[in-house]
Amino acid sequence: MIRTRTLLFLCALACGAISPLAAQSADVAAVRTYADSHRREIVDEYLKLLSLPNVHGDAKALQANASLLSAMMKKRGVDTEIWPTSGGVPVVFGQKLVPGAKRTLLFYIHYDGQPVDAKRWAQPDPFVPVIRTDSIEAGGKVVTDLTNATYPDAWRIYARAAGDDRVPIEAILCALDALHSAPKENVKIILDGEEEGGGKGLSEVIQQYPDKLHSDLLIILDGPQHPSGRPTIYYGARGGASVNVTVYTAKQGMHSGNYGNWMPDANVRLAQLISSMVDVKGKVVIPGFYSDVLPFSAEARAMMDAVPDQSAQMQKDFGVGSLDGAASSLQEGLNMPSFSIHTMKGGEVGGVIAASATAEIAMRLVKDNEPRVMAQRVIDFIRAQGYFLVDKDPDVATLAAHPKIAKVTSRSLAATSGGAWRTDPKDPQAVFATNALKSAWGDGIVRIRTLGGSVPASPFIDAFRVPTIGISIANYDDNQHTDNENLRLGNLFEGMVTLASLMVQ
Ligand SMILES: [Zn+2]
């Protein structure tokens, strides 16, 4: 029995399967039928969008994206505007207002993507989409002849931004097609072209068009689904802050034969400093690091515990031999601040002792944290280890005057890619969204209290105090931000149903 259950569970994992609800509304059922019977044209349109390069910062390329996206929205009868921004990357805005609508939904999606390193991809060009019968890892074969294709759920489209974050754009527009462009709620869509690289555009249009952007509920459409493949809703996300630290031991590297045992090694000093911040289990020992996090309520704890925990399978999939011990589970860990060293660099070739070494300390922070306070705790800790702190490269006299010296700079992610936020899952608008998804998918949806990564909800929340939730559509193994990014077709079709469910309550 246990074995059978395990097999079923693994199949559900592998197939990304969730069954539609028997008691779904007629509208949702109609969207489901439409998605099934229009697979070819949905995918055709999506392939055209994926063929446009959209690397963040490339204003010219992103302007071309904005034109196509605007045309796609207009085709659905959405009142569409292209809003210029100071960085030259437009924001595309569209709305479909419905007389007598009970609420206004604002969907946020970004249309820019990460840079590509084409050599690392299994296809020549990440902007010439390739269809496979399954994921590369599962042995998916390239499909070249689409003449009689039925576009099964398991097929994948490999292309940059296929998962992050163009799929919700295609899904919401095709959901409108399925609803004959007649949603029951007011629908507003904002397409941001500066999410990946950061930029002022979003803040500018929030200042410029507050009335247009006013809504009762902000829905962030970004991030991958839970690995179970079930529709996933989140009620918060982490923000972040970083501290860069460079330790110095001399004005230049010195010969390790002539000066070994005399000149201190900056690489060793940096390693010692970093290791003094974290205990052997992975808990950060910087005073106050965890102290801002409010105790989890019984409801919060229950929500975290209800998320399927697939640690054992994920350890196998990703080759993780042992887990960090800072939290008792993945979900608990996502509701706490985390500490990573994104890069450590030091030394040089040529047989010399390193004179300087740098670490980029990255913290993911939860709603209860204040980024500046957290960065200051790290800086105070470094000082408490006997370091004299400077904010620019020290000269020889300064170096000689201090036994231990380090340069520190800090940055809060709140200014660029979003601070932490959380909406009470009992907020009436959050309850509306939860129930909408349940109306399409039943109780099997995955509800996440805090998404681990950052999404740019804060500028809206700061300006409008608007209840906010997020919905993830892309498959969890979409390789976003790296090579061979892909989208499982079933996620696009299911995404249409999920987004339609919000528009027809
Ligand atoms: Zn994204």
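Where is N261 found? I looked there first. N261 is found in the loop between α8 (256-259) and α9 (266-275). I name helices (H or I, at least four residues) and strands (E, at least two) from DSSP runs, numbered from the N terminus.

**Ground rules**

I am reading a predicted model, in which local features need pLDDT of at least 70, side-chain atom pairs count only at pLDDT 80 or more, and totals for chains, interfaces and linings use all residues. Residues are numbered from 1 along each chain as its sequence is written, and side-chain values use heavy atoms, with hydrogens and water left out.

I checked the backbone of N261. Its phi is near 80°, a positive value in a residue other than glycine. N261 counts as exposed at 89% relative accessibility. My cut-offs: buried is under 20% relative accessible area, exposed is over 50%, and partly exposed is in between, with a 1.4 Å probe and protein chains only.

I then turned to H180. H180 is not a glycine, yet it has a positive phi of about 55°. I found H180 in the loop between α5 and β7 (186-192). H180 is exposed, with a relative accessible area of 71%.

**Entry: the zinc ion**

Which residues are the protein donors of the zinc ion? I noted H110 (NE2), D164 (OD), D222 (OD) and D222 (OD), lying 1.9 to 2.6 Å from the ion. Donors here are N, O and S atoms within 2.8 Å of the metal (3.2 Å for Na, K and Ca); water is not among the atoms, so sites may look incomplete.

I looked at the angles next. They run from 53 to 145° among the four donor atoms, and the site is irregular. The cut-offs: four donors are tetrahedral if all angles lie between 85 and 135 degrees; four are square planar and six octahedral if opposite donors are over 155 degrees apart and all others between 65 and 115; anything else is irregular. For reference, ideal angles at a metal are 109.5 degrees for four tetrahedral donors, and 90 or 180 degrees for six octahedral ones.

Along the chain, the zinc donors follow the spacing H-x53-D-x57-D. The pair H110 and D222 links distant parts of the chain, 112 residues apart. H110 sits in strand β3 (residues 104-110), and D222 sits in the loop between β8 (217-221) and β9 (232-234). Both H110 and D222 are buried.

**Entry: around H110**

Is H110 buried or exposed? H110 is buried, with a relative accessible area of 0%. I listed what H110 touches, not counting residues up to four places away in sequence: D164, D165, I169, D192, E195, E196 and D222. Contact means heavy atoms within 4.5 Å.

The peptide bond from D164 to D165 is cis, with omega near 15°. D165 lies in the loop between β6 (156-158) and α5 (167-178).

**Entry: two helix pairs**

Two packed helices are described by the angle between their axes and the distance between the axes. Axes are lines fitted to C-alpha atoms, for helices over the stretch in contact, and angles run from 0 to 180 degrees between N-to-C directions.

E45 took me to helix α3, where it is one of the residues that make the contact with α4. Helix α3 (residues 39-50) and helix α4 (residues 59-75) pack at about 155°, with their axes 11 Å apart. That makes α3 roughly antiparallel to α4. By angle, under 35 degrees is roughly parallel, over 145 roughly antiparallel, 65 to 115 roughly perpendicular, and the rest oblique. The crossing of α3 and α4 is left-handed. A crossing is left-handed if the near helix is turned anticlockwise from the far one by less than a right angle, and right-handed if clockwise.

Then I took α2 (residues 26-37) and α17 (residues 489-503). Their axes come within 9 Å and cross at roughly 155°. α2 and α17 are therefore roughly antiparallel to each other. Their crossing is right-handed. On the α2 side I noted V28, V31, R32, Y34 and A35; on the α17 side, F493, M496, V497, A500 and S501.

**Entry: two buried residues**

Q331 lies in helix α12 (residues 330-334). Q331 is buried, at 8% relative accessible area. Leaving aside neighbours within four places in sequence, Q331 is in contact with M304, V307 and I448.

V408 is in strand β17 (residues 405-412). V408 is buried too, at 12%.
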